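Hi,

Here is the structure I said I'd pass on. Have a look at it first, and then read on for what turned up in it.

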Amino acid sequence: MLKNYLKIALRNLLKEKQYAFINIFGLSLGMAVAILMMLYVVEEWTFDKFHSKSDRIYRAWVKEHYEGEIFFNTVTPFILGRELEANFPEIEKVARVLILSNTIRKGNFSDQEMVYLATPSFFEMFDFPFREGDASTALNGLQQIVISPDLAKKYFGETEVVGEALDIQIGGEWQQYQVSGIIEKAPGNSSFQFDMVMPFENTKTFVSERARSSWTNVFPETYVLLKGGLDITSLEAKVAPFIDEQVAKIYQPGEYIVGFQPLEDIHLNNDYPSGMVAVSDWRYPYILSAIAILILILAGINFVTLAIGRSVTRAKEVGVRKVSGATRMQLMQQFWSEALVLTLIAVGIGVLIAELALPYFNLLAEKSMSLSYNWSTLAALLALAIFLGLVAGIYPALVISGFSPILALRGYISKLGSNKHLLLRSLVIFQFVLSVFLITCTFIMQRQLNYLQNKNLGFDKEHLITFPHGVAPSG
């Protein structure tokens with residue numbers, strides 16, 4: 001029976017080529033836009049959640065009250081990590097991270113690169129897979145470095161370069177570092193985007209011991225891994241009196257506060273000052289999700305509107321089929337089969353359009369997203385196609401299939417046309433309102449972007465240069 005329904009559905013689509021093209025094109029275009037937007041939303045919502053211990057990782061922050069002002073930082077003193085690890089058994093590991101801009105040289109070729117300085121525990125706390133080398137020992141030697149395949153190709157022309165050496169200018173001097181590991185490129189939904197990592201202890205070459213022991217010199221980010229089953233609130237309660245004791249010569253109790261922010265909260269929480277990782281706005285994913293849903297609604301309304309427009313022809317078909325002995329349930333299944341065939345084709349074409357447009361969307365969004373065809377993705381697309389098909393086929397399946405043969409063949413236009421036209425007008429008006437709303441929002445965002453790009457900053461940015469120094473204060 002199902003085979004027969006599908007055969008008739010395909011036959012009707014081939015017979016009504018113009019109707020099928022308009023329906024499939026509109027729905028597939030809406031699907032493609034929605035897929036691209038939801039890719040962006042999913043990436044934003046899953047930031048840093050791919051780490052297996054992400055629910056136990058926290059970033060330390062410092063808030064200082066000084067002379068009536070509050071200094072709030074997510075970069076912390078050098079000494080904080082050492083003291084937390086040594087004095088609080090609730091903490092399993094501590095990782096400190098610092099980002100510098102350094103000149104890298106191989107032979108006669110040199111270039112400026114962003115270099116991460118991290119403690120060995122960094123690769124134990126965070127899940128960044130190694131292509132070559134051992135994560136547990138890659139940063140044990142002071143003159144060892146871990147690089148990405150992209151950086152290896154840039155300086156060596158190949159990726160199998162473990163044991164090779166690079167010259168790095170650090171602390172004003174050239175030093176030679178040996179490649180101890182090749183690490184896979186960090187995924188797009190990672191706060192850490194690096195091509196080179198070197199041991200954190202290299203900071204001793206350009207940061208004085210006084211600065212490294214000071215509670216007022218904030219420079220690296222400090223991450224802690226809490227032991228399983230423990231609550232961060234209880235740790236903060238224990239840390240507070242300890243910190244008060246450490247800074248008693250400089251601050252009164254409560255004037256120097258150390259707190260902890262969940263790793264999974266960092267990317268979409270701009271209530272905290274940005275440190276060394278980029279921070280987005282939590283509202284963007286919700287706005288884009290709403291737009292994607294509205295676009296799908298518009299495409300669905302267009303589908304239903306066209307189906308209602310063909311209802312006169314289909315009503316006559318219903319009359320003929322009922323006279324021939326077809327039941328209402330069979331007619332409902334037939335109409336829904338046609339709608340499902342249309343939506344499945346539209347979803348397939350929509351995925352193809354999204355795949356073709358993805359490189360341009362990545363360029364626009366400054367992302368490196370990709371469509372992954374795993375079982376969960378395919379199940380979601382199939383569920384969406386079925387849902388849209390069921391919704392789009394509601395009118396012909398529930399309304400047209402219920403017409404009596406005599407009414408359908410003789411008096412449909414005069415006796416039932418008013419109901420059809422009322423529903424049609426309602427859908428068109430709703431579709432028009434949504435379209436105007438989306439177009440208005442587009443123009444507003446475009447004007448905002450133009451304002452941000454063309455606003456007079458009060459200086460000529462074309463004649464200014466910056467010099468990255470990468471040296472912390474020594475006081």
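Asp-48 sits in the loop between α2 and β1 (57-66); helices here are DSSP runs of H or I with at least four residues, strands are runs of E with at least two, and both are numbered from the N terminus. Its phi is near 65 degrees, which is a positive value in a residue other than glycine. Asp-48 is also buried, at a relative accessible area of 0%. Buried means under 20% relative accessible area, exposed means over 50%, and partly exposed is in between (1.4 Å probe, protein chains only).

Before going further, a word on what you're looking at: this is a predicted model, where local features need pLDDT of at least 70 and side-chain atom pairs count only at pLDDT 80 or more, while totals for chains, interfaces and linings use all residues. Residues are numbered from 1 along each chain as its sequence is written, and side-chain values use heavy atoms, with hydrogens and water left out.

Ser-54 is in that loop between α2 and β1 too, and is buried with a relative accessible area of 5%. Apart from residues up to four places away in sequence, Ser-54 touches Asp-48, Lys-49, Leu-263 and Glu-264; a contact means heavy atoms within 4.5 Å.

Is Glu-67 buried or exposed? At 67% relative accessibility, Glu-67 counts as exposed.

Strand β2 holds Phe-72, which is partly exposed at 25% relative accessibility. Trp-61 is eleven residues from Phe-72 in sequence, and their C-alpha atoms are 7.6 Å apart. Trp-61 is also one of the residues that Phe-72 touches, along with Val-62, Lys-63, Asp-271, Tyr-272 and Pro-273, if you skip those up to four places away in sequence.

Next along is helix α3 (residues 78-87), where Phe-78, Ile-79, Leu-80, Gly-81 and Leu-84 are buried. What do the buried residues of α3 pack against? They meet β1, β3 (91-106), α6 (209-212), β10 (221-226), α7 (232-246) and β11 (256-262).

Now for the inside. The largest nonpolar core has 32 residues, and Met-31 and Ile-35 touch the most other members. (A nonpolar core is a set of buried Ala, Val, Leu, Ile, Met, Phe, Trp, Tyr and Cys residues joined through side-chain atoms within 4.5 Å.) α2, α8, α10 (328-365) and α11 each give at least two residues to this core, and the largest share, eleven residues, comes from α2. Ile-35 is in contact with Gly-350, Val-351, Ala-354, Leu-371 and Leu-381, leaving aside neighbours within four places in sequence.

A pocket, on a 1 Å grid over the protein atoms alone, is an open set of points where a 1.4 Å probe fits, with protein on both sides within 12 Å along at least five of seven lines; lining residues have an atom within 4 Å of a point.

The pocket has 24 lining residues, and Met-38, Leu-39, Val-42, Leu-371 and Thr-377 lie nearest its centre. α2 (17-45), α8 (283-309) and α11 (375-392) each supply at least two of the lining residues, with α2 giving the most at seven. Met-38 belongs to α2 and is partly exposed at 31% relative accessibility. Its C-alpha atom is 8.5 Å from that of Pro-285, which is 247 residues away along the chain. Beyond neighbours within four places in sequence, Met-38 is in contact with Ser-289 and Ala-292.

Finally, the overall picture. The protein has 13 helices and eleven strands, and buried residues make up 45% of its 475 residues. Among contacts with a separation of 6 or more, 77% are between residues 24 or more positions apart.

Cheers
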